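Trainee: I would like to go through this entry and ask what each label rests on. Please show it first.

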Amino acid sequence: MKFSDVKMLPMGQPYKNGTQAMLDFGEYHLSIVKHDHSYGGTQGKYEIGVFKSQDGVVTDMVELPGITAPGDTVKGYLSDYEIDATIKKMFAITGNNPVQV
């Protein structure tokens with residue numbers, strides 16, 4: 001899956017101008033957001049966060065080496081190209097093709 005295949009969906013309040021997509025990679029979910037308060041959102045860039053999931057249920061936001069920096073659960077100011085690279089890395093880490101949920 002490429003980022004161009006991902007459908008960014010409108011977010012509710014308080015992010016009235018925001019969009020989000022969630023990709024399921026099995027034990028991890030990747031959240032991709034862009035809104036006025038996300039890192040880079042006002043510059044047209046994206047912010048990602050990684051969530052641990054168990055039996056398809058998202059539990060906690062986590063750091064994931066190779067995706068987020070040590071001590072951080074989000075990464076911002078990402079271009080479309082960088083989101084593509086992140087999706088590829090998540091596939092390499094999990095071995096699972098993403099499914100948009």
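Mentor: Start with charge: Lys and Arg count as positive and Asp and Glu as negative, while His and the chain ends are not counted. On that basis the protein has 9 positive and 12 negative charges, and their mean positions are 8 Å apart. Keep in mind that this is a predicted model.

Trainee: How do you know what confidence the prediction carries across the protein?

Mentor: The pLDDT scale runs from 0 to 100. The protein has a mean of 95, and 100% of its residues reach 70 or more. Confidence is lowest in strand 5 (residues 57-62), with a mean of 92, and highest in strand 6 (residues 74-78), with 98.

Trainee: What makes up the secondary structure of the protein?

Mentor: There are one helix and seven strands. Along the sequence they follow the pattern β-β-β-β-β-β-α-β.

Trainee: Why does the radius of gyration of the protein agree with that of a compact globule?

Mentor: For 101 residues, a compact globule would have a radius of gyration near 13 Å; the protein has 13 Å, so the two agree. Along the principal axes, the C-alpha atoms fill a box of roughly 35 × 30 × 25 Å. The accessible surface comes to about 5,900 Å², and carbon and sulfur atoms account for 50% of that.

Trainee: Why is Ala21 called buried?

Mentor: Buried means under 20% relative accessible area. Ala21 has 2%, so Ala21 is buried. Ala21 is found in strand 2 (residues 19-24).

Trainee: Which residues are in contact with Ala21, leaving aside its neighbours within four places in sequence?

Mentor: They are Val6, Lys7, Met8, Leu30, Ser31, Ile32 and Gln100. Contact here means heavy atoms within 4.5 Å. As for Leu64, 43 residues from Ala21 along the chain, the C-alpha atoms of the two are separated by 18 Å.

Trainee: His35 has its place in the loop between strand 3 (28-34) and strand 4 (46-54). Is His35 buried or exposed, and why?

Mentor: The relative accessible area of His35 is 10%, so His35 is buried; the cut-off is under 20%. Leaving aside neighbours within four places in sequence, the contacts of His35 are Met11, Tyr15, Gly18, Gly41 and Thr42.

Trainee: What share of the residues in the protein is buried?

Mentor: Buried residues make up 40% of the 101.

Trainee: And how many of the contacts between residues at least 6 apart in sequence join residues at least 24 apart?

Mentor: In the protein, 46% of those contacts do.

Technical notes: Residues are numbered from 1 along each chain as its sequence is written. This is a predicted model: local features need pLDDT of at least 70, side-chain atom pairs count only at pLDDT 80 or more; totals for chains, interfaces and linings use all residues. Side-chain values use heavy atoms; hydrogens and water are left out. Helices (H or I, at least four residues) and strands (E, at least two) are DSSP runs, numbered from the N terminus. Buried means under 20% relative accessible area, exposed over 50%, partly exposed in between (1.4 Å probe, protein chains only). The radius of gyration is taken over C-alpha atoms; the globule rule is 2.2 Å times the number of residues to the power 0.38. Accessible areas come from the Shrake-Rupley method with a 1.4 Å probe; for residues, only the protein chains shown count as cover. The place of a charge is taken as NZ of Lys, CZ of Arg, CG of Asp or CD of Glu.
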